[in-house]
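Subject: Structure handover and notes

Dear colleague,

I am passing on the structure we spoke about, together with some notes on what came out of the analysis. Please read them alongside the coordinates.

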Amino acid sequence: MGAQKKGKVAEDAMELARNPLQAILLADSFTTKFRPITLERPKVLLPLVNVPMIDYTLAWLESAGVEEVFIFCCAHSRQVMDYLESSEWHKQPNFTVTTIESHNSISAGDALRLIYERNVIHGDFVLVSGDTVSNMSLTQAVKEHKERRKKDNNAVMTMVIKKSKPSPVIHQSRLGTDELFMAIDPDTKQLLCYEERGEHPRGAISIDNALLADNPSISLHNDKQDCYIDICSQEVLSLFTDNFDYQHLRRHFVKGLLVDDIMGYKIFTHEILSSYAARIDNYRSYDTISKDIIQRWTYPFVPDVKFSANCTTKLEREGMYKAPETQQSRSANIGPFTVIGKGTRIGDDSRITHSVIGEGCTIGSNVSIVGSYIWNNVTIEDGCELRHAIVCDGVIIKEGATLEPGVVLSLKVVIGREFVVPAYSKVSLFQQPTAQDSDEELEYADNSSGAIDPSIADAGNKLNGGIVSESSQIQDWSSSQLGPGGAGFIWSACDGGCEEEWRHSVAPIPTDQLAKALLAMEDDLEIVNVQENALTPSGELKPGSDDDDSDNMDDFNVDTVDFEKEAEATFMRAAEDNIAVDDLILEVNSLRLSYNKSAGDCAGALFYPMMKLALESPYNTAVELQKNVASVVSKWHKLFEVLAREVDDQIELIMKFEEMCLESTKEFAPIFSQILHLLYQTDILGEEAIFKWDDERKDADESDRVFVKQSEKFIQWLREAEEEED
Amino acid sequence: MDFQVVVLAGGTSKELVPLVSKEVPKPLLPVANRPVLSYVLEQLELSNLKDLIVVVEGEDAALRVGGWISGAYVDRLHVEVAAVPEDVGTAGALRAIARHLTAKDILVVSGDLVSDVPPGAVAAAHRRHDAVVTSMICSTPVSGPVESGSVGAKDKIKKPRRFNIIGLDPTKQFLLYIASGAEVEKDLHIAKSILRAVGQMDIQADLMDAHMYAFKRAVLLEVLEQKQNFHSLRHDVLPYLVRTQLKSEILLNGTPQAEENGHDKVTSESNQTIISQILANASTPRFHEVYESIQNGSPTVQRTHKCCAYIASNSKYCARLNSIQAFSDINRDVIGEANHLSGYSFSVHNNIIHPSSELGSKTTVGPHCMLGEGSLMGDKCSVKRSVIGRHCRIGSNVKIVNSVVMDHVTLGDGSSIQGSIVCSNVQIQERVVLKDCQIGAGFVVSAGSEHKGESLTRKEK
């Protein structure tokens, strides 16, 4: 036994020594947040402060001691692979980069399943996506993970988190990601609950009581940010294979593990305190992270340090970085926190602040650029104004054009003279794919994993093909939406709800939205207060009166109301179209089954429209009204004979009629007893029901007995008649 | 200190039958031969909180308690005893005495609290943060006798008793969430808004609300008045205040009343807040202030109020005598590990034997025991971890283990008492064996009988 144990320890040590640290880098985000740019270029190759994003990730992985990286390419895989081949990364010692290509993966889950099949991962690995910028040291996190793993084989994953408090007003972090609620065991750092925004709209987060039974204390966090850097054990891959429906790393995998208590897999967190880690999820994080890079939070991955194929720039005062060979007019005014790429020319009197300008750009005179990201080989003619925009490679902005905040110009777009691009618009040479273009996307839009990069799916390929052919034709842009000489389509913003556009854009949050959000926050509190006041005075939900229950109640009420409405509509239709009574009975019966109601309910629901029908035909006196009723009743009496067979149902009918006479159709009140008589004659009501109703009302309040009194005579007559019969 | 103290002493609590009776209401139950109420009163006296109102349920009980207090504390404390009807609840009791409350802040203490946490510290924490309510929170006491049966112990390990589920901010100064453990059947529901405001909330299930609260008088009275259906401080008022702290309803509606208090010294008020910030080491503003500053658009006076927590350190003793089990536990602890509370000086053998008591030959009284004034013990008796009251007559060959024997009890020869509570004036005849029993006052246990886990009381005439 002892020997075996020793052997095992030795084995462990061996394993540690033998297995180099591996990483899986997903070079595809499986989302569409960077459209329209990602229609033409993979997200990981988009320049972030003039360096492709993937270089940041790779440089960090290399410096953090990862020896083997598997890059999973999917969307635009050729471009990624070509880029990697031409880059330095293949020539690094002690750092191997292997690409895995797939054309039919539509999610991170698919990617991991594929990698599992390849059988290339032999131990713990780091799972990141290719848009991660970080300078954290992995040593500590990996060590912690391994130690935990030795003690508990179920500790399959360690998530890296970082402190970052989302704005309480707009409920998103500065990276533009939705607020996140996590419950963490403060001692073991085990992740107990992971909840993204929107899953519980009720303004309360619920924690399973069982969690508290196991842990005397839990920390609930709203001030942490998920860095999407995971240290995983090999099991993670097989877990993805076992659960073939896992798609999203967080939404499915993490939640799945947390919910599943049979297997008992555990996820832990590792908080980084002083180092940087963030993921570019949307345009806002692109903006934020760019600023962080310029302000050197990501050191050593900053523009003036050579960490990839980037050419070094020189840091000047006020956080200005200038690459060599730039030409700048003497009168141009370059403000703080600006990066200017190699070979860029800037004309007279142009002002540039808080912006990144790529390589080989030509900027005319009198141009104003604030908070914008201008990629390579862009031409901006004289007098243009750019505020908080992203301008991709090869764009030409003609004289005097204006880009309002939040604009994204995709590759090679041309903006016409003096054209004003409205705020938050996205402009591309390609037309916005309509929903019919890819069924795939629709499908995935459903589970909100954000759909997929277009070229993955067949539909996407088709689209690509279409695009190629389209752009190979010489387009006639004369009728362009972008002013004289412009080229490109403005995408309608409304595919994700245009109101939310400001959330994820590069532009700062407009004050009116903030004000709106503030109000919403107030409302939120109000709701919470109201809701909780409705609970037990102690503020806890009483057992059994859970939210769900009230939902059920609501459902129930809604159901009843729906049913009555539908029954009424059915009846009216039948009356208008003169449908035979038998057919109507059939129809009502099917309705009854679908709503799971009793025949009595149906009779009740139909009685009202029938009486209303009588009211609708013109009448002057009570006698005429009575005649109307008689005609209607004689027409439809069969319906009620079938539906209200039971005595109880008939009593229900009488009561319903009473109610109507008191409330909605007071016109019948004076002739109540006559109608009762009529209903008796037409066999809708039997003696028994009328007697019972009379008996029931005997002890009722005076006010409830109005109609009983009115029909006293009739009832007496009935009773006498019955006695006589006996 | 401008603090008025309300001691909610209770009356003849149902949970404590058969220990309590008309003669001995709950506040006068002996803990180490002293009424339990004396522990609270002494702590208050130590903190120099001498302006007290003791609220007792029931007129008779109030008379008895008043009689005892006036005898024991006549020159030391300024005590008023108020009687309230039974079953009005803690909130109702305060409503009943509302007009007697005059000070700016009110400290409400439960009369059954046996603790060495200084009430003054709670009051100070309250003042420091300018809080609306401050609650004293202590760690959950260890329940059950030390050498309890293995079966019981197992159960306890499986499901530790949960008194409260409490949410605190990371500095552990503010109370963000409170629910009593029994209420939370399935899931905890925590409002996201407060979580957003504070960023991090530590939820702890191993803490207990010790039922010592400091309230702002104006707020307390207003809540009591507006929410007539509130019955209990702990279950209604406190959770309500905690819940509404980001959107204060009381302060908004109650501005006239609050201002009436504060107006005459507005300047000193603002000074006070500055001082309180300095005192609280508020280098970074508290989340309430941050939260308010976000909402600066609205011109309202004050939108938030603070609910603070004073967390007693683990070394402090804190327990409430609210069950029979707690009664035994507290008696055990007060002569055992928390013996500094009892106020007696212990002998070298770690026990207290009153000089006027007499022990027969070969009788041993072990450590953690107490033998009251004028009690007589026969030969060859053995007493372990037990409290014996005054003027008891104990025969020979008697074994008393883990038990509480109150005053004027007669124990016959050869009887054995284990894990039991024997109230005053009980007669236990020869060779009686009691295990885990409670014997009500004046009961006679006939010779030779054996009882296990029973509760024996005299029938009420």
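Helices here are DSSP runs of H or I with at least four residues, strands are runs of E with at least two, and both are numbered from the N terminus. Please keep in mind throughout that this is a predicted model.

Counted in that way, chain A has 21 helices and 36 strands, while chain B comes to 13 helices and 32 strands. Of the 726 residues of chain A, 52% count as buried; in chain B, which has 461 residues, the buried ones make up 55%. Among the contacts with a separation of 6 or more, those between residues 24 or more positions apart account for 60% in chain A and for 56% in chain B. The accessible surface of chain A is about 32800 Å², with carbon and sulfur atoms supplying 50% of it, and that of chain B comes to about 19400 Å², of which 51% belongs to carbon and sulfur atoms.

On the cysteines, the count of disulfides over all chains is 0.

Turning to the helices of chain A, H2(A) spans residues 53–63 and is mostly covered, since 9 of its 11 residues are buried. The buried positions are Met53(A), Ile54(A), Asp55(A), Tyr56(A), Thr57(A), Leu58(A), Ala59(A), Trp60(A) and Leu61(A). After H2(A) comes Gly65(A), which has a positive phi, near 95 degrees.

In the pair formed by H14(A), residues 581–595, and H16(A), residues 622–643, the axes lie 9 Å apart and the packing angle is about 40 degrees, so the two helices are oblique to each other. Their crossing is right-handed. On the side of H14(A), the contact is made by Val581(A), Asp582(A), Leu584(A), Ile585(A), Val588(A) and Asn589(A), and on the side of H16(A) by Lys635(A), Trp636(A), Lys638(A), Leu639(A), Val642(A) and Leu643(A).

In chain B, one residue was examined individually. Ile353(B) belongs to strand S15(B), which covers residues 352–353. Is Ile353(B) buried or partly exposed? Its relative accessible area is 33%, and Ile353(B) is therefore partly exposed. Leaving aside residues up to four places away in sequence, Ile353(B) touches Leu359(B), Val365(B) and Leu371(B). Between Ile353(B) and Gly372(B), which are 19 residues apart in sequence, the C-alpha to C-alpha distance is 6.7 Å.

With best regards

Methods: Residues are numbered from 1 along each chain as its sequence is written. Chains are lettered from A and ligands numbered from 1 in the order in which they are written. This is a predicted model: local features need pLDDT of at least 70, side-chain atom pairs count only at pLDDT 80 or more; totals for chains, interfaces and linings use all residues. Side-chain values use heavy atoms; hydrogens and water are left out. A disulfide is a pair of cysteine sulfur atoms within 2.5 Å. Buried means under 20% relative accessible area, exposed over 50%, partly exposed in between (1.4 Å probe, protein chains only). Contact means heavy atoms within 4.5 Å. Accessible areas come from the Shrake-Rupley method with a 1.4 Å probe; for residues, only the protein chains shown count as cover. Axes are lines fitted to C-alpha atoms, for helices over the stretch in contact, and angles run from 0 to 180 degrees between N-to-C directions. Angles under 35 degrees count as roughly parallel, over 145 as roughly antiparallel, 65 to 115 as roughly perpendicular and the rest as oblique. A crossing is left-handed if the near helix is turned anticlockwise from the far one by less than a right angle, and right-handed if clockwise.
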